[in-house]
Amino acid sequence: MANTSATAAAGPEGTKRDFLFLATGAGLAVGAAAVAWPFVASMAPDAATIAAGAPLEVDLTPITDGQIVNVFWRGKLIFVRKLTEKEITDMKAVPLPEMIDPAPFDSRVKAGHDQWLVSYGNCTHLGCVPIGHQGNYEGWSCPCHGSQFDAVGRVRRGPAPINLPIPPYAFETDTKIKIGEESGKAAA
Amino acid sequence: MSAHATSTYIPKSRLAKWFESRLPLVGLVHSSFVAFPVPRNLNYFWTFGAILIAFLGIQIVTGVWLAMHYDPNASNAFESVEHIMRDVNYGWLLRYAHANGASMFFVAVYMHMFRALYYGSYKAPREVLYLLGVIIYLLMMATAFLGYTLPWGQMSFWGATVITNILAAIPIVGDTIQSLLWGGYSVGNPTINRFFSLHFLLPWMIAGVVVLHVWALHVTGQNNPAGIPIKSSKDAVPFTPYATIKDVFATVVFMILFAWLIFYQPNYLNHADNYVAANPAVTPAHIVPEWYFLPFYAILRAVPDKLGGVVLMFGAVLILAFAPWLDTSRVRSANYRPIYRQFFWVFVLTCIGLGYLGAMPPEGGYVLASRLLTAYYFAHFIIVMPLVGLFETPNRLPASILETVTGPGKQVSAGGSGLPSGAAAEPAKRA
């Protein structure tokens, strides 16, 4: 890459100028990435948004059999549903191979609290809110693209690919849950 | 600016000479938009380029003015739009012009795109010109989506939710992209802030690509209904006055429809649900995008698999970029392609059908029909375009553009006015 006698005489390892060219290029690439980083990172959830996601206590006493209550944690909708005896029996009886995202009943509720389903409330397809007590599976039906979930939030008809996720939560007492903390193994 | 452009501009005054020798801007404009030779057989489908530039201008001007009154804050955005409608002098006019202007922009771009597909405007040597157009279309879609979220009504909020969830389907990086777009754990205040910023940015990027698009147009020259190049000066007329006046006339006619929408049916293309403030706990019963996205929405819903639907939806746009290499015919204009011409109209009907299905609920026969039309949409590009080009016997092409205007053998002096069929022409293909 050079026309001086010094570089022309250089060996197959390349010249000093080649080295400088590559070193400058590498330095530019690192510099560009370093400049881009704060721009990209500034778009991530900020400290205030993260702080606003503190755990949320929900009192379960006013919720009646079959009722679905909406709460928000971190700006996300969460369903708290009190299952009826029939729903519990029916949901336990569903054979796993019939499901799109097979999950046994026990994995959907906390041990000893079969009556309570706590799940995120946005459809796992594109995030619409499914309407409760609709569809063919005693659960939810999504008005946007027709996904259906059963009474414990398991997807039973697409296009949603997976079950409604369960947020981290724990029972503080039999009638109170804390969403956002998995730690307390309360009242098992 | 181009090989075709023959600058005949001669500065007259001393000031003009002084300026031209320092920056030949007037000469550039003169060679591009005055002396530039345009095919004399262009029809009115070639006026949509000028119409699109007019609408880019309208959207930018009304948008900048709306931004003086709009508040991109999740708790106040909805009310600030009502403030614009009720309190700001002529705020209703600015907003209705901006909202309906977006629709008219898409009407024009779809006419422009179908024109390009029918007359083979994507074929050599205009591939780069065409690809720049596809990029502009993608930028338009992004801009329109971002703008639709800003009033922060129910459709705004859920449109933002659905589209950002679409991006989350991208393997590996999807969740990160989604989080960076949201700026939180769901669509919220940080989201509307950045969407407003990006909605303001993208139109300027569109304007930049439009400059490249027009530049590429002036390098290759315009395609025309015959699909054959300009061979002599008799095939062409100067851009001004012929194309200029025809463009202005077509734009004015198009503006009548625009004015009718603004003043008589300002909410016809809107959704009533968007006059309900955003509520993250309730999704509207029938959530549909704006009409210009309906065909792609139908494709998204036709696939019973999240990632598959997303891939096909983006694929439906991106496959446009491959048209120059999928079409094997050496004849450009479908006027001389008896078989392809029929397939073209079937394709147009398919797009309209998908648009209809996109507005229908995702159940029963609608889903089946969506699947069939989605399959045909892709088949048009992947099967019809390559095969018809190989097996079709095209009609005889005219010897010259002049012949298509005057009939074989007749002679008309070049540049003469009052020619029978659309002798004037215009820059089309811009934007």
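How many bridges join strand 9 of chain A to strand 10 of chain A? Four bridges join them, and the two strands run antiparallel.

## Basis of the model

This is a predicted model, in which local features need pLDDT of at least 70, side-chain atom pairs count only at pLDDT 80 or more, and totals for chains, interfaces and linings use all residues. Residues are numbered from 1 along each chain as its sequence is written, while chains are lettered from A and ligands numbered from 1 in the order in which they are written.

The model scores ipTM 0.75 and pTM 0.86. The mean pLDDT (the predictor's confidence in each residue, from 0 to 100) of chain B is 90, and 93% of its residues reach 70 or more. Residues 1–5 of chain B stay under 50, with 17 contacts beyond four places in sequence. The pLDDT is also below 50 over residues 412–431 of chain B, a stretch with 71 contacts beyond near neighbours in sequence. Two residues are in contact if their C-beta atoms, placed from the backbone, lie within 7 Å.

## Sheet 1-10-9 of chain A

Helices (H or I, at least four residues) and strands (E, at least two) are DSSP runs, numbered from the N terminus. Two strands pair if DSSP finds at least two bridges between them. In chain A, three strands form an open antiparallel sheet in the order 1-10-9. Strand 1 (56–59) and strand 9 (169–173) each have a single partner strand, so one side of each is left without a neighbour in the sheet. Neighbouring strands are turned by 30 degrees against each other on average, direction ignored. The axes behind such angles are lines fitted to C-alpha atoms, for helices over the stretch in contact, and angles run from 0 to 180 degrees between N-to-C directions. Ala170(A) stands opposite Lys178(A) in strand 10 of chain A.

## Sheet 2-3-4 of chain A

Another open sheet of three strands in chain A has the order 2-3-4, with antiparallel pairing. Strand 2 and strand 4 (116–120) are at the edges, each with a single partner strand, so one side of each lacks a neighbour in the sheet. Here the twist averages 25 degrees from one strand to the next.

Strand 2 (residues 68–73) and strand 3 (residues 76–82) of chain A pair over six bridges, and Val69(A) stands opposite Val80(A). These two strands form a hairpin with two residues between them, and Arg74(A) in the turn has a positive phi of about 55 degrees. Five bridges join strand 3 to strand 4 of chain A, where Ile78(A) has Tyr120(A) as its bridge partner.

## Asn122(A)

Asn122(A) lies in the loop between strand 4 and strand 5 (131–132) of chain A. Asn122(A) has 23 other C-beta atoms within 10 Å and is buried. A residue is buried if 20 or more other C-beta atoms lie within 10 Å of its own, exposed if 12 or fewer, and partly exposed in between, with C-beta atoms placed from the backbone. Leaving out residues up to four places away in sequence, Asn122(A) touches Lys76(A), Leu77(A), Gly127(A), Cys128(A) and Val129(A).

## The contact between the chains

Chain A gives 24 residues to the contact and chain B gives 28 residues.
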